[in-house]
Amino acid sequence: MASFEPEIVAFTCNWCAYAGADYAGVSRIQYPANVRIIRVMCSGRVEPSFILKAFEEGADGVLVGGCHEADCHYISGNLKARDRVESTKELLALLGLGPERLRIKWVNANEGEAFASEMDDFVKVLSKLGQNPLKKSRKSAEPAVPGFEQIMKSTDAYLCVECGKCTASCPVARRDEGFSPRATVEESLEKRHTEIETGQQLWECLTCRTCEQRCPYNVRFSDFIRDSRIEARTLGLDGNPTQSGQMYSWMRMMAKDGLKQDRLSWLDGLKVKHKSTAKNDIMFFVGCLPHFDISHRHIGSNSLDIARDSIAILNAIGITPVVLSDERCCGHDLLYSGDARSFKELAKKNARAIRAAEVKKIAVSCPEGYQTLSQAYPSVIKGWDVKVIHISELLAERMEAGKLKFKKDINLKVTYQDPCRLGRYMGVYSEPRKVIEALPGVELVEMEHHGPDAVCCGVSSWISCGATAKSIQLSRLSEARATNADLLVTSCPKCLIHFRCALSGKVPGEKDDFEIAIEDLTSLVANALGVGGDN
Amino acid sequence: MSGSILIIGGGVCGIQAALDLGDKGRHVYLVEKEPSIGGRMALLDKVFPTNDCSICILAPKMITCFNHPNVDVLTCSEVVEVKGKVGDFKVKVRRKARYVDEDKCTGCGSCAEECVLAGKIPDEWNQGFGTRAAAYIPFMQAVPRVAIIDPERCLLLAKDKCKKKCVEACQRGAIDFEQKDVVETIDVGAIIVATGLTIYDPTDVTEYGYGRFDNVIHSMEYERLINASGPTGGHLKRRSDGERPKRIAYIQCVGARDVRSGHPYCCSVCCMYATKDAMLAYMHHNDTKNYILYTDIRAFGRGFDEYIKRGKEEYCIEYIRARPGEIMEDPETNNLFVWYDDTESCGVKNLEVDMVVLSVAFVPPPGLKELASVLGINIDEYEFFKAIDDMLAPMDTNVPGIYIAGACTRPMDVTDAVTQGGAAADRAAQAIKEFGRKSPAKAGAGR
């Protein structure tokens, strides 16, 4: 390791930190040559995705340099940068990369010395920490792309009669004239594949399967989009990812070798029981909940509540679940955004860890994890036959066996959002409803669109979050509001994030037309069982 | 050994077969499970492409058939067992009790008027739009025009508790609560199956809201509503408020050309009957705006294409090439919003109308599979009866002496059903003739 020279990426603001570094240079102040400086107008411009991308690409350390507090040329950009760096450090800790690899430093335009000494110190610390473990990850071969002929065959696109039922059903097409599933399939039939690959429409689809649900000829448009995105990615094309792709970054990092994650520290101090391995027992797949808890803290996602409540529920029904310290992201979002290689890597790593733990069944609280583990894994993992069950199904099973006793009255009128992956993909409609209706004092009222006709929460796989998404979300929330329910219950952490996000910002007109409390099913059940977060 | 022929199903196809055979001097048993013959056609208002009054052209056939000296019409009857082979079938027919003596009843309807349940039971002949009593005459032009008592609803038969007002009202003493179902065995030499069709229940197509929205109806309901002898006297009225709809959308291929519903086939008649329906609405009130939302116009018969052209030009029907994605309702006005993608000009639009008529698929009638196993004949993948050769022997089944005809073989219009009825009659008569020639004991065969 004597020859190890850490590589540092520094994002420095135009007005202070960059000028400070420049000052160090023109003053001939010596500092290690390990840093690559990227100038930004303000440290507030530095998004977590920039930092994560640097680590994903192998940087050993990242420094964000900005003006001293109260000196920011854009009033408070530096304070925003400080908060972001703090939460990104938490993500790095979760990933096992070490928060010490990320620093934020206020440097004035005349503080060349300060910049140089910060670099000296950073290089020393990084030298001790050693290389970014992801650097050593070998790059697996790019999986074979299906090719458009194959995509059309496997999704029955050839059967399309161009009746337009898909487009007329599509929540996106109703708001965005340029988007039309029918027109896209038509283009493919006319062999205008390049237009599909390079068009923005490819990234606007929610893959919510509403069109498929109604297509008279069972053309599987969501699969068509998923596979076409894989094609597009081979051309280096991408959609417009939420939070400029920070989620993809940490998902891709998990797909790499050499990561020593610290996934379980959120469980410290909680009164829930879990174990690391057990033959023929149930595992709880936590998924990205700890990460979402951090990445969407600004909208109050509290995603970890779902994980904690799920394990508490499992405990309450007599299950001590296996929770793996080296679980990875299931790969759903990467697969649906066209990164088939990383998806495959994640699937392999998860399969290895799950098989090693010898579990016989996986319980999930996230419908995307559910759909991916049960429907997508068999296509990439040979002999994958581990049973996967959504927590609502598990609860409904217990209820039917008369083995579920609720202790607390909830006394709420609630309505239920069917998540696309749980409903239209996995066909689970009745179980969550059975559970909700069994909760003491809970009355379930349905929204205008429910069951197979339910409307998507507006975003999928962190792509194309924008005006269309917000419009879908608000109209869905107003549907929920129109039921006069006190609470909108969902059973997908992403629905929860998207709806809470829609309400966290400005809305057109009266907020009262949309405002409704939103909770995950697990929180409601945990409360009724007397094991919720409040207990 | 018998020269008689059994026809199962008393719709227009079965009636045509019975008339053809009867006129040839063959004896026919016409078995109909409903209390009246006439089938689907008897309930239609007009028929395309001539816009003839349906019952006006059918009723004479129904009556001629019923009164034909060579035809025995057995209503309220079902075939329960078939044994034997061509020339010598032994058929068991369950004749369900009518609780009314067919010979005595004059069809005056007094029993129906006096029945304590009058106006309380939804009338299935009128697709649930009107009401009937427990004792009733199925519809105005029913043949035989004889009352029937519904054993499931009649208070006396179901609960043994009634004032028996119908018995008092009947001047002919025709009501007979002692009647029981009887199983008769008949000997026939050949069998024609013409059990017709039923319509697809659009409730499963949840996105169109049938059953949820009052003003979304299906095409058979429309036929009764626009029919002068229907429950509204031919005045088209919305279920929600009884108002006349001024904007009507007809949605094609509901449950047809649809893999999900299990009916990927084209019903071949809906383009035409929807056009007819729209013409009728326009004929009643020429301020009615009609929209037909279609997938493809399939007007293949003689005069059909011209019919569509007339629809456009003379009846101002707007044809829109789109299969709607969804129907939504305005809860205040009960008007409907039809969301569709205009595939010719592109773009998702939403059309506000007062009424939506779903052109529903023709599907095999309930009990077809059971009847197929009683007869030992094959069915196809959609559970219609299957001919041994669709092209060259479309009437013949895998069992010699048993023939199929009409809409129980595939969706078809009246013309085709009549043609097939005639063709099957010929095949059946031929079979008996050939059998008679081959049979050593031909003397005395037949009647």
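**Where chain A meets chain B**

Author: Happy to! Let's start from one residue: beyond its neighbours within four places in sequence, A:V161 is in contact with A:Y217 of its own chain and with B:R257, B:T295 and B:R321 of the partner. Please keep in mind that this is a predicted model. A:V161 sits in the loop that joins α5 (148-154) to α6 (165-169) of chain A. The C-alpha atom of A:E186, 25 residues away along the chain, is 9.2 Å from that of A:V161.

Now for the interface as a whole. Chain A brings 21 residues to the contact and chain B brings 25 residues. Together the two chains bury about 1900 Å², with 48% of that on carbon and sulfur atoms. On the chain B side, the most area is lost by B:R260, B:R323 and B:D341, which together account for 26% of what that side buries.

B:D341 also takes part in a salt bridge: its partner is A:R182, and the closest N and O atoms lie 2.6 Å apart. In total, four salt bridges are found across the interface of chain B and chain A. As for polar contacts, 14 residue pairs are found there, both residues being at pLDDT 80 or more.

Methods:
Residues numbered from 1 in each chain as written. Chains lettered and ligands numbered in written order. Predicted model: local features only at pLDDT ≥ 70, side-chain atom pairs only at ≥ 80, totals over all residues. Heavy atoms only, no water. Contact = heavy atoms within 4.5 Å. Buried area = accessible area lost by both parts, 1.4 Å probe. Salt bridge = Lys/Arg side-chain N within 4 Å of Asp/Glu carboxyl O. Polar contact = N/O pair within 3.5 Å; in protein donor to acceptor, adjacent residues only side chain to side chain. Helix = DSSP H or I, 4+ residues; strand = E, 2+ residues; numbered from the N terminus.
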